[in-house]
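This report describes selected features of the structure shown below.

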There are 4 protein chains.
Amino acid sequence: MRTLKMALDNNHKILTCYLLENSNEFKVNERRPAVIICPGGGYDFTSDREAEPIAMRFAAEGYHTFVLRYTCISDKTPLFPQPLIELAKTVHLLYKNADDWLIDKEKITLCGFSAGGHLVATYGTKWHEDWLSEKVSLPSEERKPSALLLCYPVINLTSGWPGDEIKNKKYSQLLGEEIKLEQKLEEFDASKHVSVHTPPTFIWHTSNDRVVPVSNSLQFISSLDKSHIPFESHIFENGVHGLSLANEVTARDDRHINDAVKEWIPLALTWLKQMRLN
Amino acid sequence: MRTLKMALDNNHKILTCYLLENSNEFKVNERRPAVIICPGGGYDFTSDREAEPIAMRFAAEGYHTFVLRYTCISDKTPLFPQPLIELAKTVHLLYKNADDWLIDKEKITLCGFSAGGHLVATYGTKWHEDWLSEKVSLPSEERKPSALLLCYPVINLTSGWPGDEIKNKKYSQLLGEEIKLEQKLEEFDASKHVSVHTPPTFIWHTSNDRVVPVSNSLQFISSLDKSHIPFESHIFENGVHGLSLANEVTARDDRHINDAVKEWIPLALTWLKQMRLN
Amino acid sequence: MRTLKMALDNNHKILTCYLLENSNEFKVNERRPAVIICPGGGYDFTSDREAEPIAMRFAAEGYHTFVLRYTCISDKTPLFPQPLIELAKTVHLLYKNADDWLIDKEKITLCGFSAGGHLVATYGTKWHEDWLSEKVSLPSEERKPSALLLCYPVINLTSGWPGDEIKNKKYSQLLGEEIKLEQKLEEFDASKHVSVHTPPTFIWHTSNDRVVPVSNSLQFISSLDKSHIPFESHIFENGVHGLSLANEVTARDDRHINDAVKEWIPLALTWLKQMRLN
Amino acid sequence: MRTLKMALDNNHKILTCYLLENSNEFKVNERRPAVIICPGGGYDFTSDREAEPIAMRFAAEGYHTFVLRYTCISDKTPLFPQPLIELAKTVHLLYKNADDWLIDKEKITLCGFSAGGHLVATYGTKWHEDWLSEKVSLPSEERKPSALLLCYPVINLTSGWPGDEIKNKKYSQLLGEEIKLEQKLEEFDASKHVSVHTPPTFIWHTSNDRVVPVSNSLQFISSLDKSHIPFESHIFENGVHGLSLANEVTARDDRHINDAVKEWIPLALTWLKQMRLN
């Protein structure tokens, strides 16, 4: 394994690359699928619990993995659309290095948790837009994702997260001053931008999540269904926000171990296999 | 195992009971959970593929199981609310025989497939209503279900099933003449009657079901979420309508074998266990 | 499901048959595989914990199942070879009724637990012998088993069961007076009679079983290996004797729930599938 | 993840270390369990298929992992006991760096495949011997392993591997000239040296392995049982030699994908958990 740490731009935000070894004994020079992981953390930070352990789980299944420590509020306000630009550059980096790193460009899955799920869902619905091409000076076909894995994602900023007590502050930090707030909220509501450009999506949540209400996922699912985008969704009845792998590996305490929810990984792997993205 | 076949009323519709043996060696005289199974079949018939094999699968996990061959169109038109009455009588029968059959009355799960899912979802939202008490001459507390398992259910008659080509005929057969059709459609739309009386619900579907569109389940989920009813939902991306167990046991052909979907049974068993309904 | 209770002979020992329904909707008139279950109980009785729950678990996978309550010490001494005769008659009964019951005669698996495992292992190595043909008045080809599932089996009477304190009494009850005891012990030591006639075998045990030591299984495995009989064996490190399904269904107390051991059922089902015996 | 490549001694043999990140968010400064992996390759080479992919699978479960590319025939003849010395130094390296790398010294599992299984089994039975203390200039208590995972291991050099056609050459390469050959073969027969010093062992094989016959494992199991060492063993009926993970990740061709055998990883993980070595 080569582990590379790369700065994405002047912001010095870090992309960690976990590149599996090529071998002369099996899968010789075969291009591998890739997963880019966007941890959560309410755009305040990027959580370790949703970073390397996720990378390792997919690495164990033969994926090259990448953890994007995207820019957060402490680095830049108003924040948007900076994280989208970084994710665009990350996807492009995989395209650009596909020959060297042995990546199958048609098998690049984006996996986001919580706020990182918002980033991924937003990118998944807006990656092809012209303004982004201008921002990153790249044609859209070189930053196209193949699939989205959304884990207890924020889908928009008006369905429970941010909560009332922090809403105004967050809106300001994320979107800037209140001018045209409605318009900006709509712009960063992933459920409003699902289109033929949106890749197939796997999405899971717990129904009693008190930090990011499940209605976020339900709205996105509904949009995917209306636009006939292939999707798979698993809403587990019970579980706190931020379960990550929901097993001992990522548990901070017992609430993070959940026998029902930990099945999301084999379910996601089976789905990726059925979609021929593995 | 005692297998009993019981007529429910003058209609001679059949309830098959699979009662597990009591033993002096383990779980001595312990009351068991129960599952009442309502197969699908578009209210034209009740499918064998969603009957005994489902009963056996739950019997293997220690549940007493019951298959209700409810009245269909060929027996009676307009059909509604006859199947609801039969399901009410079935639940009550379990209450009445709970001591003899060693049933835990607080662990009675209703499991419905397709049209049988419509029957179960409708019952789950209307079991407590007064008109039903009158019809069956029983107080509502003696026919209360503990949980619903809905498998690719029809939720209402206006979301894709019945399809346009048979819609008018079916409406007539199910609901009667067109007088007050709107009102009747609303009455038998389970998503419109979710309330505090609706029990916790596990629901699964495939996103590309062409017979009963997944929007049926999505509407019900949305209603459950709004009413704060505990629910778990699994929407698998790919699979034909009528998968039943989705393994070799219930397959008529290869399309009925689906490695992703067959996980619904362990997922449902885990959920029932978490809800302490096992 | 038809549940039949049949007397096997003058002894009135009972065979319970759980025959799955034939349906016009799937697997129409298709012959099914069968499992004959011999519960354990030290030849003193046949345990309920290893009877119907096992039948249900295989019924859930599409097998016709049969529980043989073979003759025990309380009914007859010396006991042997009476249980072998009953098992021979049971297998033959399946052959004889194969058309009516829709049984595939080439897919008859014998499943024995503890002492019932001794019965099955002994039958599996001796079913073709001439003396048995005389006893049951049937040619051997009409009582041939397809596979053996041995669960913490007794393989011979000299490897720890019966224990020293009951050994003499048991030898007398099982084999009769001490004349030619050595010869009789050898005759009913399944590990001494493995031959080309022995069917493929799946065998599991726990390494710290204090009632029936794992050396029983190890000896049988070694004999199978030497005779080139296909076998699969799973020795779990930890678990009390008599685990049955090792889950809540058959638990008398917490020691009977064992997350490692409960995997024996999916492992056995996968093995039967690979052997095309499902 | 820190990936370190370390030379073990003058031989320049390489140990690759995959050290998981410590985080301030969970398992803060918690010592982790470790797995040292010895790939197979008939002592001619160390196979990539049994190296990094195994490391990744355990890394996904929260283990620090280490791949030892031990000295082979091409580097040194006669070979023995050089690989044992390297493994001793590797275990000691983990002890020495336990504070820095956050390793729990009481949770160091050795995992060997085929010839690497021979290395691990031999080390597991001889790690405490005085001659090794002299060779590595270390007290035995600083190189004690906690458990062995043996995957289709060679246990001795007289049970089918090396095969007749290469036997004499291999004996010479591994053990040296024929003087005292019997004694040397006995010395490197792991089944002959099981003692109270041998750690708990998990061992798996396929019954029809044509390269390394299953009798190798059966002999080791028998020795473990006689010495009352806790063990778990899984002999799958069918599968070629060298299956590694038995899934797509390590497959060179379709024979390397095996639905039964791929269960060895969850079985091993459950065992390690039950032994509190996770």
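In this predicted model, a polar atom of the Thr125(B) side chain lies 3.0 Å from the backbone oxygen of Ala121(B). Thr125(B) belongs to helix H4 of chain B, which spans residues 115–126. Is Thr125(B) buried or exposed? Thr125(B) has a relative accessible area of 1%, and because the limit for a buried residue is under 20%, Thr125(B) is classed as buried. When residues up to four places away in sequence are not counted, Thr125(B) touches Ala190(B), His193(B), Val194(B), Thr198(B) and Phe220(B).

The table gives its computed totals.

| Quantity for chain A and chain D | Value |
|---|---|
| Residues in contact | 31 residues of chain A, 31 residues of chain D |
| Buried area | about 2700 Å² |
| Share of buried area from carbon and sulfur atoms | 48% |
| Salt bridges | two salt bridges |
| Polar contacts (both residues at pLDDT 80 or more) | 16 residue pairs |

One of the two salt bridges across this interface joins Lys273(A) to Glu248(D), with 2.7 Å between the closest N and O atoms. On the side of chain A that touches chain D, strand S1 (2–7) and helix H1 (52–59) of chain A each contribute at least two residues. H1(A) provides the largest share of that side, with five residues. Sorted by class, the side of chain A that touches chain D comprises 13 charged, eleven nonpolar and seven polar residues.

How many residues of H1(A) are buried? Eight of the eight are, so H1(A) is largely enclosed by the rest of the structure. The buried residues of H1(A) include the charged residues Glu52(A) and Arg57(A), together with Pro53(A), Ile54(A), Ala55(A), Met56(A), Phe58(A) and Ala59(A).

The arrangement of the two chains remains to be described. In general, a rotation about an axis and a shift along it relate two copies of a chain. Here, chain A is superposed on chain D by a rotation of 180° with 0.0 Å of shift along its axis, at an RMSD of 0.0 Å. This is the relation of a two-fold axis. Of the interface residues of chain A, 100% are also interface residues in chain D, so the copies meet through the same surface.

Note on methods. Residues are numbered from 1 along each chain as its sequence is written. Chains are lettered from A and ligands numbered from 1 in the order in which they are written. This is a predicted model: local features need pLDDT of at least 70, side-chain atom pairs count only at pLDDT 80 or more; totals for chains, interfaces and linings use all residues. Side-chain values use heavy atoms; hydrogens and water are left out. Contact means heavy atoms within 4.5 Å. Buried area is the accessible area (1.4 Å probe) that two parts lose on being put together, summed over both. A salt bridge is a side-chain nitrogen of Lys or Arg within 4 Å of a carboxyl oxygen of Asp or Glu. A polar contact is a pair of N or O atoms within 3.5 Å; within protein, one must be able to donate a hydrogen and the other to accept it, and residues adjacent in sequence count only if both atoms are side-chain atoms. Helices (H or I, at least four residues) and strands (E, at least two) are DSSP runs, numbered from the N terminus. Buried means under 20% relative accessible area, exposed over 50%, partly exposed in between (1.4 Å probe, protein chains only). Copies are superposed by least squares on the C-alpha atoms of residues with pLDDT of at least 70 in both.
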